[in-house]
Protein chains: 2
Amino acid sequence: MGGSGDVRGRVLRGTFFHAPSPDGFECCADAMLVIDAAGAIADVLRAGSGEHAALAADESGQVMRLPEGSVMLPGFVDCHVHAPQFPQLGLALDVPLETWLMRYTFPLEARYADLDFAARAYGQLVDDLLAGGTTTALYFATVHVPATRLLADLCIKKGQRALIGKVAMDLDTCPDFYRDADADEAVAGTRAIIDHIRAHAGNSEGRVLPVVTPRFIPACTDEALEGLGQLAAETGAHVQTHCSESDWAHGYVRERHGMSDAESLDRFGLVGRRSIVAHANFLSGSDMDLLVQRGAGVAHCAHSNAYFANAVFPLRRALEKGLHVGLGTDISGGPSASMLDAQRMTVAASRMLEDGVDAGLPAGERGCRDSRVDMVTAFHLATAGGAEALDLPVGSFEIGRKFDAIAIDTEAAEGTIRLFDGSAPSDVLAGVLYQASRANIAHVWVDGRLVRSHRDAAPRSKPGLRAGAFAAI
Amino acid sequence: MGGSGDVRGRVLRGTFFHAPSPDGFECCADAMLVIDAAGAIADVLRAGSGEHAALAADESGQVMRLPEGSVMLPGFVDCHVHAPQFPQLGLALDVPLETWLMRYTFPLEARYADLDFAARAYGQLVDDLLAGGTTTALYFATVHVPATRLLADLCIKKGQRALIGKVAMDLDTCPDFYRDADADEAVAGTRAIIDHIRAHAGNSEGRVLPVVTPRFIPACTDEALEGLGQLAAETGAHVQTHCSESDWAHGYVRERHGMSDAESLDRFGLVGRRSIVAHANFLSGSDMDLLVQRGAGVAHCAHSNAYFANAVFPLRRALEKGLHVGLGTDISGGPSASMLDAQRMTVAASRMLEDGVDAGLPAGERGCRDSRVDMVTAFHLATAGGAEALDLPVGSFEIGRKFDAIAIDTEAAEGTIRLFDGSAPSDVLAGVLYQASRANIAHVWVDGRLVRSHRDAAPRSKPGLRAGAFAAI
C-alpha cells in the first residue's frame with residue numbers, strides 16, 4: 001500500500017460519478033471529498049459552495065487533486081467469487097456442470113491443501129481484482145481452514161475489503177478427496193475462520209469479515225446446514241450459498257426437501273439480512289418475497305448464467321420487488337474477473353431476456369417483456385447495490401460511507417476509452433463503463449488507503465522479438 | 001510501421017495456434033514460419049523436422065524468435081464495422097433502433113463531411129483496431145466520398161487490411177442532412193471509391209479493397225439497389241449490407257418487396273461469393289440455402305444482436321448448412337471494438353440460444369437445442385472463417401496465406417492472462433482467448449509487416465495525483 005496516495009485525513013478534489021439508487025446517477029464535477037482519519041467520507045463539497053471555495057484556496061497540501069481527464073467511481077463490489085477457481089478462468093466452460101465440478105473444479109480446489117500453491121494463486125487473484133477496481137469481494141474459499149486463513153491474511157495485507165468463507169460441504173456425493181469429513185468438521189472449520197478473522201491483529205477496523213458458506217444444499221447434509229444456521233445466528237456472521245441456479249439444482253432441492261431452495265435455506269436459518277444467495281435464476285415469486293422479507297440479497301452473475309444456469313436471472317422483476325441485488329463475476333463459472341465485464345453482461349443479458357433469443361418464435365412469444373436494465377442500473381448494482389446487499393457502508397460518495405473508490409484515467413494511452421468532443425455526463429459515464437479496461441484504472445482506494453496504482457505494475461522485463469532459447473508455455 | 005519487426009523475407013520462430021476449420025484447433029510448438037518477400041507464408045516447419053533443425057542452426061539473423069511466454073494467433077478479421085460510429089461506442093444503446101439512427105447515428109455520421117473530424121476519428125479507430133489485433137476490417141464508411149477516400153488512405157498508410165465502402169442511402173426516409181441526393185449519386189460515389197482504392201499508388205498489393213455498400217434496403221431506392229448490383233457485377237467488388245437484422249427490418253422488406261430480404265438483395269445482384277450480409281438473424285432455411293448457393297457470407301454480431309436484433313443469429317444451424325460466417329463487432333451497434341469480446345459473446349449468446357432465457361418456461365420449451373458453439377469455433381470464425389467469408393487468403397498459418405498475425409504476450413504484467421502451471425494446449429488457447437486484453441497484444445503484423453507493437457504506445461505523460469488546474473471532461 002503506497003503511503004503517498006492515501007487520502008485519510010485529506011481532501012480529494014475531482015469529478016466523480018456514482019449511482020446511489022438504481023434509477024439514476026449523479027455526476028459531481030470538481031467536487032471535494034473530505035476524508036476522515038478512519039477513511040470515511042466526512043463531507044462532500046460541491047463546486048460553487050462557499051466551503052468548496054474556501055478549501056480551494058487552501059495551500060497546506062491537504063487537498064489532493066485528480067489529474068485532468070480522470071474521474072472517480074465507487075469501487076466495485078463483487079458479490080460472488082470462488083477464489084480458488086481463479087487458475088481456471090475461462091477453462092472447461094463447455095462441459096456440463098457435473099463434469100465441470102467433478103473433473104475440473106473439485107480437483108483444482110483440492111490443491112489448496114498446498115499452502116504454497118494457495119499463496120501464489122490467491123496472491124495473484126487479490127492483486128488482479130484490486131487492479132480491476134474490485135474493492136470489495138465476497139469470496140468462497142475452499143474446504144481447507146489453513147488456506148482460507150491465508151486468503152484472509154492476504155486480503156488484510158493487500159488492503160482489499162473482503163468477506164471470506166471456508167466452504168462447507170460434507171455430503172458424501174462430494175468426492176472423498178475434497179470434502180468435509182462430517183457436519184462437525186464443516187461447522188468447526190467455519191467457526192475457526194470466523195474466530196481467525198475477527199481476532200486478526202491487522203483487522204481491527206473489520207475490513208475483512210467472515211462468512212458462513214455452505215456450498216449449496218446438494219453438497220451438504222441437513223446436519224451441517226442446521227449447524228451452520230445456528231452458527232450464523234450465534235455469531236451474526238454473513239452467510240453465502242448458491243440457490244436455484246439451474247434446472248438441476250432447483251429440482252434437486254425440491255426432490256430432497258419437498259420445498260424450494262430458498263424455503264429450505266430459510267428453515268435452516270441461512271436466509272437473513274446478511275445472507276447473499278448466488279444466481280437464484282429459478283426463484284419463484286414467493287421465494288423472492290421471502291428473501292425480501294428477510295432482507296437477504298442475490299448475487300446476479302450474468303456471465304455464468306449463460307454457461308451453467310439454463311436461464312437469465314429475472315433481474316428487473318427482482319428489483320421491482322425490492323430485492324437486494326449485487327453483481328458477481330462468479331469466477332470461474334463466468335469467464336471474466338472484471339466487474340466492468342459483469343456490468344456489461346448484465347445489461348446485454350437483460351436485453352436478451354426481454355427480446356428473447358429464438359428468431360423462430362413470433363416476437364410476442366419470444367421474450368419476457370419489460371426485463372431490460374440499462375448501464376446506470378448495472379453500475380448501481382456493481383457499487384451501491386452490492387454494498388446494500390452486503391450491508392456495508394460503501395458503494396457511493398455519500399457522507400458516512402467509507403472511501404472505497406477508483407480513479408479512471410479516461411486518457412490513458414494504453415487504455416481503451418475514447419471520449420470525443422462534446423460529451424454529456426451521461427455519455428462520459430456510458431463511455432467509461434462500456435469502454436474502460438484495466439489500463440484505465442489508475443488508482444484504487446479502500447478505506448481511504450491507496451491499495452493499487454497503475455504505477456505499481458511491474459515494468460515489462462522483456463524486449464520485443466529476440467534471439468534466445470525457446471520455452472514451451 | 002516499424003521496419004525492424006517486419007518479417008518479410010525472414011523466418012519467425014515461435015508457438016502458434018490456429019483453427020483452419022470450425023471443429024478443432026492446431027497448436028504448433030516452436031514452429032518456424034518462412035515468410036516470403038511479399039509477406040506470404042512460404043513454408044511452415046514443424047519442430048522435429050530436418051528443415052527445422054537446419055534452420056535452427058542458421059546464424060545469419062534471418063530467424064527471428066518470439067520471446068518466451070508468447071504465442072502467435074492469426075490476426076482477427078472483423079466482418080462488420082461502422083467506422084464513423086466509433087466515437088459513440090457504448091452510447092445510446094438503450095433507445096430503439098429508429099431513435100438510435102435518427103437522433104444519434106445519422107447526425108454523427110453526417111459530421112464526416114468535416115475532413116478534420118474524419119481524420120481524427122478514423123485515425124484513432126484504425127490505430128485502436130490494430131492494437132486490438134484486428135488485422136482485417138470490413139468497413140461501412142459514410143455517404144461522403146472524400147471522407148471515405150480518407151479512410152482508405154489511412155488504412156493504406158497504417159497497414160491495416162481493409163475493405164471499405166461508401167455507404168449508399170438515397171431513400172427519402174433518410175434525413176435530408178444525411179443521404180445521397182438520388183440513386184445516381186449513390187452509384188457514382190460508390191464507383192468513385194472503387195476507382196480511388198484500386199488506383200491508389202500505395203495500394204499496389206491490393207491490401208485495401210473497395211466494397212459496394214447499400215446501407216440496407218430500408219435506406220435505398222430500388223433504382224440505387226439495381227445500379228449497385230450492376231456496379232458489383234461490372235467491377236467484381238465485394239458487397240456488404242444488412243439483412244433481416246430485426247423484426248422491423250425483416251418485416252419492412254417483406255412488405256415493400258413481397259419477398260424476404262435475402263431474396264430481394266439477390267434479385268438486385270447483391271448476393272454473390274464476395275457478399276457479406278450483417279446480422280441475418282431472421283433468415284429462413286431457404287434464405288440460408290440461397291446464401292450457401294451463392295457462396296455469400298454472414299457477419300454474425302453477437303453483441304449487437306442483444307441490443308438491436310430481437311434474437312440471436314442461429315449460428316450453429318448456419319454452419320451446419322455450410323454457410324460462410326465471420327464475426328463482427330458492429331461498432332457501434334455493439335459496445336466493444338474488441339474481436340476478443342466478439343468471440344466471447346459469440347459463445348455466450350450461443351449458450352443462451354441453446355438453453356433459452358426465460359426461467360418461467362419448462363426447460364424443454366426454453367431454448368433451441370443444439371445451438372451452442374465453443375470458443376474454438378468462435379476463434380475459427382474470428383480468423384479463418386471471416387477470411388473465407390471475405391474470400392481473402394488470411395486467417396491461418398497455412399502455406400500461401402498472407403502473414404497477418406498477432407503475438408500474444410501471455411505474461412505481460414499489465415495484461416490479464418494468468419496461466420497456471422501444467423496447462424494443456426487447449427487450456428492455453430482458452431486462457432488466451434477468454435482472458436487476453438489489449439495489453440497482452442504485443443505485436444501485430446499484416447502482410448508480414450509489423451504494423452503495431454506494444455512499444456508504440458505513447459509513454460504515460462501524466463504523473464499520478466497532482467496539483468494543477470481542473471479541467472472538466
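Which residues are buried in helix 10 of chain A? I will come to that in a moment, after a word on what we are looking at. This is a predicted model, in which local features need pLDDT of at least 70 and side-chain atom pairs count only at pLDDT 80 or more, while totals for chains, interfaces and linings use all residues. Residues are numbered from 1 along each chain as its sequence is written, chains are lettered from A and ligands numbered from 1 in the order in which they are written, and side-chain values use heavy atoms, with hydrogens and water left out.

Now to the helix, where helices (H or I, at least four residues) and strands (E, at least two) are DSSP runs numbered from the N terminus. The buried residues in helix 10 of chain A are A:A302, A:H303, A:S304, A:N305, A:A306, A:Y307, A:F308 and A:A309, where buried means under 20% relative accessible area, exposed over 50%, and partly exposed in between, with a 1.4 Å probe and protein chains only. Because 8 of the 8 residues of this helix are buried, it is largely enclosed by the rest of the structure. The cover over these residues includes helix 2, strand 12, strand 13 and helix 12 of chain A, together with helix 12 and helix 15 of chain B. After the helix comes A:N310, with a positive phi near 65°.

In contact, which means heavy atoms within 4.5 Å, are 90 residues of chain B with 90 residues of chain A. The area buried between the chains is about 8000 Å², with 57% given by carbon and sulfur atoms; buried area is the accessible area (1.4 Å probe) that two parts lose on being put together, summed over both.

Across this interface the rule finds 10 salt bridges, each a side-chain nitrogen of Lys or Arg within 4 Å of a carboxyl oxygen of Asp or Glu. A salt bridge joins the side chains of A:R452 and B:E414, at 3.1 Å from N to O. On the side of chain B that touches chain A, the largest share, 9 residues, comes from helix 12 of chain B.

Finally, how are the copies related? Chain B can be laid on chain A with an RMSD of 0.0 Å by a turn of 180° and a shift of 0.0 Å along the axis, superposed by least squares on the C-alpha atoms of residues with pLDDT of at least 70 in both. The two copies are thus related as by a two-fold rotation axis. Because 100% of the interface residues of chain B are also interface residues in chain A, the copies meet through the same surface.
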